[in-house]
Every structure is written in C-alpha cells, then in structure tokens.
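The following exercises concern the structure shown below. Please work through each task before reading its solution.

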Amino acid sequence: MSSRFEQLADAVLAGTAATPGDALAVLRAPDTDVLAVVAAAGRLRRAYFGNTVKVNYLVNLKSGLCPENCTYCSQALGSAAPILKYSWLSTEEAVKQAGAGISGGAARVCLVASGRGPSDRDIDRVASMVGALKEEHPGVEVCACLGLLADGQAERLRTAGVDAYNHNINTAESNHHTIVQTHTYADRVDTVEKAKHGGLSPCSGLIAGLGETDEQLVEGLFALKDLDADSIPVNFLMPFDGTPLEHTWELTPLRCLKILAMARFVCPDKEIRMAGGREMHLRSLQPMALHVANSLFLGDYLTSEGQAAEADLEMIRDNGFVVLGSDADRARTEPADPRIRRRGAGTGLVPNA
Ligand code: SF4
C-alpha cells in the first residue's frame with residue numbers, strides 16, 4: 001500500500017492542491033517516515049524541475065547599519081554581531097563579485113542592500129550596476145533585494161533590466177510583530193505586490209526557527225502560495241551572537257527536511273530554495289534536501305560564510321543533479337586519492353575518534 005505521502009503526491013500531481021492539514025501532517029510526520037516524505041516530495045520536484053538545481057549567488061552591496069529592528073538580522077542597527085559593515089560597493093566591484101558567482105555556475109545573481117528601503121538615488125545606483133552586469137553577462141538573471149519599495153521603483157528596476165525582486169515575508173502574519181516592530185507584515189506584502197505589478201518576478205520566503213508554531217509555519221507558507229511567489233527561499237535561523245535571537249536553536253536536520261518537503265507539497269511548481277542556514281541546520285542531510293528543493297545559494301551568505309562553493313557543486317553532481325543552464329559534465333572532478341593513515345594504531349599519534 002502506498003504511503004499517505006505518496007497518495008498526497010498523486011493528488012497534487014493530478015491537480016488537487018495540498019491543504020493546511022496536509023502540510024501539518026508532513027511537518028509532523030514521525031522521523032521514521034522521513035524517507036517516505038522525501039520520496040513523495042521528490043516526485044513533485046522531479047515532475048516540475050527534473051534533475052536541475054538553480055544556483056543563485058548573493059552579493060551584499062551594502063552591509064550592516066540598518067535602522068530596522070528585525071530580531072533575526074545581524075545587520076540591524078542594534079545588532080552587536082561583529083559582521084562586515086560597509087556602504088555601497090562601486091559598480092565595478094559589484095560586477096566583479098557577481099562575476100565570481102556566475103563563473104561558479106550561478107544562473108541568478110541576487111543584489112542585496114541593507115536598509116529599510118531604497119532612495120531614488122539608490123535605484124539609480126543599482127540600475128547602473130545591473131546595466132554593467134548584463135553587458136558583461138547578458139544571460140544572467142538579476143534579482144534585487146533592497147527593502148521596502150516606494151511607488152514606481154519596481155518599474156524603474158524592471159526598465160533597468162532587473163528580472164526579479166526579493167522581499168521575504170519571513171514568518172506568518174500572526175507572528176510578525178514578534179520579530180520586528182519598525183515595519184509591519186502589511187508593509188512587506190505591499191512590497192511583494194509592488195514588485196509583481198512592476199513586472200518583476202516575485203521572490204519571497206520564510207525563516208524557520210524564529211519561535212513560530214507549526215501552524216504559523218503553515219500559515220506563512222500558504223501566504224506565500226496566495227502571493228504567488230515564483231521563488232521561495234526557505235531560510236533556517238542563524239542565531240548570530242549579538243542579536244536578540246542569539247542562542248535560539250529550535251531546528252533539527254529532520255525538521256528542516258520536513259519543512260522543505262512541506263513547501264514542495266504546498267507549492268509544487270515553485271522554485272523552493274534551501275537558503276540561509278542550510279549548512280548549520282540540515283548538516284549531513286543537505287544532499288537529501290536537494291531531492292526536495294530545486295535551488296540553493298552558492299557559497300557565502302550576506303554576513304556569514306557558507307560551505308565552500310566547490311562542496312556545493314560536488315553535492316549537486318554526486319546526487320545526480322545538474323546545475324540549471326550548465327553543461328552536465330562541466331567541472332566533473334575526480335575523487336580525491338585515498339589518504340594513507342598516519343595516526344592511531346601503530347603510530348604514536350592520537351587516533352581519529
Ligand atoms: S530590514 Fe533587512 S537589513 Fe534591515 S534589519 Fe531587517 S532584515 Fe536586516
């Protein structure tokens with residue numbers, strides 16, 4: 001008999017949308033059912049995205065000193081996290097940084113700036129960066145992430161060649177007031193709507209592990225479905241020391257896997273991205289998550305280091321996936337030679353245990 005999750009995948013593939021009850025059942029699946037969950041969600045992933053992985057690359061154009069008070073963010077003004085703080089990169093530097101990600105296989109570059117939202121001068125600045133970037137890399141997609149948008153700014157970004165706009169709702173409306181007070185959930189939704197109406201592909205996602213309940217995770221996910229976000233980054237809280245959420249550790253690797261699977265069941269044809277915090281929270285289950293998610297950020301994040309970009313690409317290849325837009329055999333590497341043991345038994349050195 002097929003599992004409950006296989007039956008759910010059959011129904012979703014046949015056009016019946018997953019319900020909040022289905023989503024909760026995935027999230028609360030016993031750990032012993034996790035392979036069944038991944039296998040079923042993986043069928044949806046393969047149906048819509050085959051064996052491709054979309055690789056995205058972040059460039060932090062302006063880091064830290066944000067006047068907003070998002071509790072999860074190391075760039076908020078009150079954050080004592082010892083992150084890099086700098087003002088706008090030059091166009092030349094931004095193009096150089098983006099170029100590194102593109103050579104690593106990124107199909108999309110995400111140009112991000114800290115702050116409540118862009119001034120019109122900031123829009124001009126980003127427009128000129130995008131012009132220069134697209135001149136050098138005409139095929140690359142550009143996503144901007146500049147905060148809350150004012151009227152007309154999405155249209156100006158679109159005219160400048162920006163393809164997508166990221167603005168995460170981060171959490172359920174019912175939980176939003178607990179994670180930030182300087183702007184509202186409605187402000188965030190308004191920006192996603194402005195981006196859509198301005199012709200930009202909406203990218204909006206969640207951060208899991210902020211103190212939300214299971215029901216609130218489901219609520220946030222269905223809000224993203226209703227917003228019709230084309231891409232959904234699923235972040236896992238990185239609790240930086242020096243931020244109000246330091247020492248907040250609510251996630252386990254298996255829970256992260258179930259969260260991604262739940263996102264796949266609810267939004268089967270959308271780009272589900274295993275985003276910030278995947279290394280620290282999915283840990284050894286990252287490769288399994290690729291069978292559910294179809295997208296990731298290559299290399300480093302805005303203020304923290306990710307695993308080596310080469311390790312990301314190796315994980316993609318080893319699991320039988322290909323980087324979207326790349327030659328399947330590109331950069332295929334030989335395994336490392338066996339390393340001769342020179343510690344433990346028969347030596348005077350401590351064993352590897
Ligand atoms: S608005 Fe953005 S950069 Fe500023 S504190 Fe919030 S998440 Fe961080």
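A residue is buried if 20 or more other C-beta atoms lie within 10 Å of its own, exposed if 12 or fewer, and partly exposed in between, with C-beta atoms placed from the backbone. The model is predicted: local features need pLDDT of at least 70, side-chain atom pairs count only at pLDDT 80 or more, and totals for chains, interfaces and linings use all residues. Numbering starts from 1 along each chain as its sequence is written.

**Exercise 1.** Determine which residues of H8 are buried and what covers them.

*Solution.* Step 1: locate helix H8, residues 185-197; helices (H or I, at least four residues) and strands (E, at least two) are DSSP runs, numbered from the N terminus. Step 2: the buried residues of H8 are Tyr185, Arg188, Thr191, Val192, Lys194 and Ala195. Step 3: their cover includes helix H6 (153-159), strand S4 (164-166) and helix H9 (214-227); contact requires C-beta atoms within 7 Å. Step 4: after H8 comes Gly199, with a positive phi near 90°.

**Exercise 2.** Identify the residues that surround the ligand and sort them by class.

*Solution.* Step 1: the surrounding residues are Cys66, Glu68, Cys70, Cys73, Gln75, Ala76, Ser114 and Gly147, the criterion being a C-beta atom within 6 Å. Step 2: this shell has 4 nonpolar, 3 polar and 1 charged residues; Cys and Ala count as nonpolar, Glu as charged, and Gly as polar.

**Exercise 3.** Which residues have the most contacts inside the largest nonpolar core?

*Solution.* Step 1: the core has 105 residues, namely buried Ala, Val, Leu, Ile, Met, Phe, Trp, Tyr and Cys joined through C-beta atoms within 7 Å. Step 2: Val109, Leu111, Leu260 and Phe265 have the most contacts inside it. Step 3: helix H10 (residues 253-266) supplies the largest share of this core, 9 residues.

Methods: Expected span 1.5 Å × (residues − 1). Contact = placed C-beta atoms within 7 Å.
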